[in-house]
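Here are my notes for you on this one. Have a look at the structure first, then go through the points with it open beside you.

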Amino acid sequence: MTSNVPLVVRVLASSVAVANRAGKIVRDVMSKGELGIIVKGKNDYQTEADRSAQRCIIASLAAQFPKVNIIGEEDGSTNEGEVASDWLITEADKEVLSLECPVNLQSVKEEDIVVWVDPLDGTAEYTQGFLEHVTVLIGISVNEKPVAGVIHQPYYKTMLNGEKIMGRTIWGLQEVGVGGFTPAPPPDSLIITTTRSHSNPLVEKALQVMDAAEILRVGGAGYKVLQLLEGKASVYVFASPGCKKWDTCAPEAVLSAAGGQLTDMLGDFYKYGKAELYPNKTGVLAAVSKELHNYALKKIPQELKDALANK
Ligand SMILES: Nc1ncnc2c1ncn2[C@@H]1O[C@H](COP(=O)(O)O)[C@@H](O)[C@H]1OP(=O)(O)O
Ligand SMILES: [Mg+2]
Ligand SMILES: [Mg+2]
Ligand SMILES: [Mg+2]
């Protein structure tokens with residue numbers, strides 16, 4: 001009986017199932033070829049895939065958890081009107097449902113939860129054909145902290161018995177750990193992952209002072225955190241405003257469940273309560289361990305931190 005399963009675990013299990021469906025929507029829009037691009041701002045786009053995936057996620061979660069606060073990246077009109085029945089997901093992931101809920105989350109109520117939804121992270125890369133960078137992000141926060149999250153990669157390919165399977169879904173739950181992939185230790189040398197589509201002089205200055213062996217420029221907050229978890233990069237550095245709460249909630253939840261840390265460039269945690277402002281004004285600094293995070297934070301000069309804090 002799923003009703004005996006604590007709420008946070010049920011929301012996470014449903015989020016895994018709904019992220020899979022949203023990932024299929026993202027692939028279907030691309031194969032149809034009609035992206036319906038809307039320009040929201042400078043280097044800021046929305047496509048039919050962003051809109052449709054968000055409708056699917058919000059409608060499905062709201063139907064099952066009516067009192068949970070759900071905040072999505074795309075604006076209100078995207079969420080109005082009827083939703084096709086094959087977008088209304090009622091299933092929940094069985095493996096996640098069987099997880100042991102941490103004691104401090106066992107009596108959480110719907111009103112205490114804020115879910116941050118990024119239906120398609122890496123939209124710029126999606127429109128430019130860097131499909132591996134694209135993720136669907138569902139972050140679950142309680143008392144302003146990300147406690148669980150899903151990072152779904154619609155274009156990740158695996159072969160099973162000679163058959164190609166598209167998509168994989170990575171989840172994390174505080175004190176329990178992560179699933180859906182195999183974590184790997186960080187590389188031996190300092191490899192930084194950063195933006196490929198939202199750089200500026202401050203972003204470049206921060207990269208310079210890090211003095212890294214290699215810099216990977218890829219799209220999306222979700223994909224960069226996956227690179228940390230899979231040992232492809234050591235630190236994620238983005239010394240600029242631009243990311244918002246839905247970009248970092250799920251990645252932070254998954255990363256911290258794996259023992260890592262995601263903060264702003266000053267080393268402070270973002271808060272994910274329902275009244276928080278959306279922008280992450282002071283950038284993103286993340287690493288797969290607290291030691292690496294601290295090492296990177298110490299390399300950032302005070303004047304750069306001040307420049308971001310005073311923006
Ligand atoms: N200047 C910006 N304007 C709009 N979105 C941004 C900006 N900078 C970052 N983002 C969001 O944060 C994600 C990570 O940033 P980056 O890829 O540059 O490292 C982007 O994919 C984008 O999310 P989204 O694609 O969901 O709109
Ligand atoms: Mg966007
Ligand atoms: Mg995003
Ligand atoms: Mg997005």
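**Notes on the fold and the metal sites**

1. Helix H1 covers residues 7-32 and helix H2 residues 48-64; they pack at about 155 degrees, with 9 Å between their axes. Axes here are lines fitted to C-alpha atoms, for helices over the stretch in contact, and angles run from 0 to 180 degrees between N-to-C directions. Helices (H or I, at least four residues) and strands (E, at least two) are DSSP runs, numbered from the N terminus.

2. Before you go on: this is a predicted model, where local features need pLDDT of at least 70 and side-chain atom pairs count only at pLDDT 80 or more, while totals for chains, interfaces and linings use all residues. Residues are numbered from 1 along each chain as its sequence is written, chains are lettered from A and ligands numbered from 1 in the order in which they are written, and side-chain values use heavy atoms, leaving out hydrogens and water.

3. Next, the sheet. Six strands form an open sheet in the order S3-S4-S5-S6-S7-S8, with mixed pairing; two strands pair if DSSP finds at least two bridges between them. Strand S3 (69-72) and strand S8 (177-179) are at the edges with a single partner strand each, so one side of each has no neighbour in the sheet. From one strand to the next, the twist averages 15 degrees.

4. Look at S6 (residues 145-160) and S7 (residues 163-173): they run antiparallel and are joined by ten bridges. One pair to find is Gln-153 with its bridge partner in S7, Arg-168. Helix H6 (residues 221-229) packs on the sheet, touching S4 (113-121), S5 (135-142), S6 and S7, and its direction makes about 80 degrees with that of S6. Helix H7 (residues 245-257) packs on the sheet too, touching S3, S4, S5, S6, S7 and S8, at about 85 degrees to the direction of S6.

5. Which residues coordinate the magnesium ion (ligand 4)? They are Glu-73 (OE), Asp-118 (OD) and Leu-120 (O), at 2.1 to 2.2 Å. Donors are N, O and S atoms within 2.8 Å of the metal (3.2 Å for Na, K and Ca), and since water is not among the atoms, sites may look incomplete. Glu-73 lies in the loop between S3 and helix H3 (94-97) and Asp-118 in strand S4, so this pair ties together parts 45 residues apart in sequence. Glu-73 also coordinates the magnesium ion (ligand 2), 3.7 Å from ligand 4. Both Glu-73 and Asp-118 are buried (under 20% relative accessible area; exposed is over 50%, partly exposed in between, with a 1.4 Å probe and protein chains only).

6. The magnesium ion (ligand 3) has Asp-118 (OD), Asp-121 (OD) and Asp-247 (OD) as protein donors, 1.8 to 2.1 Å away. Asp-121 in strand S4 and Asp-247 in helix H7 link parts of the chain 126 residues apart, and both are buried.

7. Finally, find Leu-173 in strand S7. Leu-173 is buried, with a relative accessible area of 0%. Beyond its neighbours within four places in sequence, its contacts (heavy atoms within 4.5 Å) include Val-8, Leu-12, Pro-102 and Ala-257.
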